[in-house]
Amino acid sequence: LLSPHHLDIDVDGNGIHLICPISLNGTFVRIEGQVKLDHGDMFRIGQQLLRFEEMRFVDSLVPEPDEGTRVMGSPTPSVVWGRLNQVVSTRLTASTFLLTGEQVRIGREKGDITFPGDRYMSGSHGVVIRRSDGYYLKDQGSSNGTFIRIKGRHTLQQGRYFLAGRQLFRFERVA
């Protein structure tokens, strides 16, 4: 799952910096507290890889209708503000979950979105939050953590975890 040139690590007086070139599977850091989500951000929760999309940026699936013609399709509630796509390969998503309300909870047993067969996911694992200043991802104190894919350069703090491929690393500065 690692690309031939997957990740650069730069260490200086300010800490360790992960520099992620364009690798197929990316590098993910474990979140603490909450992180802001942008359209297209990907995150790992349990063994699920999910891509966040704001509905205002999602392209139409069918061309604009001719004058006087209505598009036949399933009704989309006007309260939908985003969606999560379960990514299974470079060209395929499995399930798509529409996001409504102020908080969408994700877990193995409890939540608006559940993955009952994912034994790496906590019963109540994480939450996607909609606020006036944007969208956020928050871990709910899960055992295995929630990881967000980094873009460009990311500075790690002491004791932080990151994933490259299926390898889990922890940054510890030695004196």
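A salt bridge here is a side-chain nitrogen of Lys or Arg within 4 Å of a carboxyl oxygen of Asp or Glu. The model is predicted, and a search of the whole structure finds 10 salt bridges.

**Exercise 1.** Decide which parts of the chain the pair R153 and D10 links, and state how exposed R153 is.

*Solution.* 
1. The closest N and O atoms of R153 and D10 are 3.4 Å apart, and the two form a salt bridge.
2. R153 belongs to strand 14 (residues 152-156) and D10 to strand 1 (residues 8-12), 143 residues apart, so distant parts of the chain are linked.
3. R153 has a relative accessible area of 46% and is therefore partly exposed; D10, with 30%, is partly exposed as well.

**Exercise 2.** Classify D41 and K151 as buried or exposed, and locate their salt bridge.

*Solution.* 
1. The closest N and O atoms of D41 and K151 are 2.8 Å apart.
2. Buried means under 20% relative accessible area and exposed over 50%.
3. D41 has 6% and is therefore buried, whereas K151 has 54% and counts as exposed.
4. D38 is linked with D41 and K151 in a network of salt bridges.

**Exercise 3.** Describe the lining of the largest pocket.

*Solution.* 
1. The largest pocket holds about 940 Å³ of space.
2. Its lining has 33 residues, with R44, Q47, L49, G165 and R166 nearest the centre.
3. Elements giving two or more residues to this lining include strand 5 (42-45) and strand 6 (48-54).
4. By class, the lining divides into 14 nonpolar, 13 polar and six charged residues.

Definitions and conventions:
Residues numbered from 1 in each chain as written. Predicted model: local features only at pLDDT ≥ 70, side-chain atom pairs only at ≥ 80, totals over all residues. Heavy atoms only, no water. 1 Å grid on protein atoms, 1.4 Å probe; cavity = no way out; pocket = protein on both sides within 12 Å on 5 of 7 lines; lining within 4 Å. Points joined across faces, edges and corners; volume = space filled by probe spheres on them. Helix = DSSP H or I, 4+ residues; strand = E, 2+ residues; numbered from the N terminus. Nonpolar A, V, L, I, M, F, W, Y, C, P; charged D, E, K, R; others polar. Buried < 20%, exposed > 50% of the residue type's maximum accessible area, 1.4 Å probe, protein only.
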